[in-house]
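Visitor: I am new to this structure and would like to learn how to read it. Could you take me through a few features, giving the general idea before each case?

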Amino acid sequence: MELLHILIASLIGLSAGVVGGLAGIGGSIIMLPALALIYGYSGPDKNEHHLYMAAAMLVNVVVAYFSSREHAKAKAVRRDLVKVILPVMAVTILLGVFASNQFEGRIAKAGLVIFLLCYCAANLVSAARRREEPKPDQQRGGNLLLGCIGAITGFMAGFLGIGGGIVMVPLLQIFARIPIRQAIASSTAIMWVTAIIGSAFKLSTLAEHQQHWIDAVVLAAPMGLGAVFGARIGAILTHKLKLPFLKVAISVLLGAAAIRMALPSSRPAAKFDTETHDVLPDRHDEPALPVPEP
């Protein structure tokens, strides 16, 4: 990978880390649109999206791990939530990856865009209402409720190639009545473990989409380096920003990412050479060389 691509990927990882640490999500919603914009797709099936998903899921491990350490220092992680949700999510993220592998990359890409736009709209409405944080006696629990939240989160994380916090945090807020900072902190503590499981399975199945697992690792390495610093910054900001501003900031960032991902890219598509693992310009549209007549 060229130096320019390394720098660009590091900046993507830094941005993803800040947003991931801030919102308790893995950062895929930043990485996936950015990778699609910079590297593009070589065909209408957009199977490179599966490659981008695998790379982003790898980086989610880094984002969630380092942000969870900052949340633990702030004593915001709820162990009672982690011990119930984590094992359920660890299983269902595998099911989500398996399900996503049954479709072309364009389907997974479209699903991610639709989900992000719906989430942003709901989050902005919630911020406008300025609902007060639930008190301890208003919170709900129970293994069944938390298990269902873990199951839904895990499947969506595996299917869309995301960390899962974007699903888990609002579900914990709405149904379990968990304060947002505790929901974010607990989400990151769960995700760094489940992201290891999901990314490993995704990498092992990339060949089904004519992609190479080494290319995903090459993409993930510089993004992960940037994410190390970004995740710590985002996690610290979670405990500094006021809640209404936090919700609006998250929604604006996610909405912008979703809209850009939905728009066609003006850049030429790129492809990966599985022999050298370098990013090469796509020559799909170049005219074929003339064949000399005998």
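Guide: Let us start with contacts, where contact means heavy atoms within 4.5 Å. In the protein chain, residues 24 or more positions apart account for 85% of the contacts with a separation of 6 or more. Please keep in mind that this is a predicted model, in which local features need pLDDT of at least 70 and side-chain atom pairs count only at pLDDT 80 or more, while totals for chains, interfaces and linings use all residues. Residues are numbered from 1 along each chain as its sequence is written, and side-chain values use heavy atoms, with hydrogens and water left out.

Visitor: How many helices and strands does the protein chain have?

Guide: Helices (H or I, at least four residues) and strands (E, at least two) are DSSP runs, numbered from the N terminus. The protein chain has 10 helices and two strands, and from the N terminus on its elements run α-α-α-α-α-α-α-α-α-α-β-β.

Visitor: What share of the residues in the protein chain is buried?

Guide: A residue is called buried under 20% relative accessible area, exposed over 50% and partly exposed in between, using a 1.4 Å probe and protein chains only. Of the 294 residues in the protein chain, 53% are buried. One example is Val 167, which is placed in helix α7 (residues 165-174) and counts as buried because its relative accessibility is 6%. Leaving aside neighbours within four places in sequence, Val 167 is in contact with Phe 115, Ile 152, Thr 153, Met 156 and Ile 162. With Met 156, the separation is 11 residues in sequence and 7.6 Å in space, C-alpha to C-alpha.

Visitor: How many aromatic pairs are there, and how is such a pair described?

Guide: A pair of aromatic rings is described by the distance of the centres and the angle of the planes. Here, rings of Phe, Tyr and Trp (its six-membered ring) pair if their centres lie within 6.5 Å, and planes under 30 degrees apart count as stacked, over 60 as edge-to-face and the rest as tilted. By this rule the count comes to five aromatic pairs. One of them joins Phe 103 and Phe 159 edge-to-face, at 5.9 Å centre to centre and with 75 degrees between the planes. This pair links distant parts of the chain, for Phe 103 is in the loop between α4 (79-100) and α5 (105-129) and Phe 159 is in helix α6 (residues 143-160), 56 residues apart. Phe 103 counts as partly exposed because its relative accessibility is 40%, whereas Phe 159, at 16%, counts as buried. Phe 159 also forms a stacked pair with Phe 155, at 6.1 Å centre to centre and 10 degrees between the planes. Both of these residues lie in helix α6, four residues apart, about one turn of the helix, and Phe 155 counts as partly exposed at 34% relative accessibility. Elsewhere, Tyr 65, Phe 66 and Trp 192 form one aromatic cluster.

Visitor: Is His 209 buried or exposed, and which residues does His 209 touch?

Guide: His 209, placed in the loop between α8 and α9, is buried, because its relative accessible area is 4%. Not counting residues up to four places away in sequence, His 209 touches Asn 47, His 50, Asn 101 and Phe 103. A polar contact is a pair of N or O atoms within 3.5 Å, where within protein one must be able to donate a hydrogen and the other to accept it, and residues adjacent in sequence count only if both atoms are side-chain atoms. Such a contact, of 3.1 Å, joins the side chains of His 209 and Asn 101.

Visitor: Which residues other than glycine have a positive phi?

Guide: Most residues other than glycine have a negative phi. Among those with a positive value are Lys 75, with phi near 55 degrees, and Gln 210, with phi near 60 degrees. Lys 75 lies in the loop between α3 (48-73) and α4 and counts as exposed because its relative accessibility is 77%. Gln 210 has its place in the loop between α8 (180-204) and α9 (213-238), and at 62% relative accessibility Gln 210 counts as exposed.
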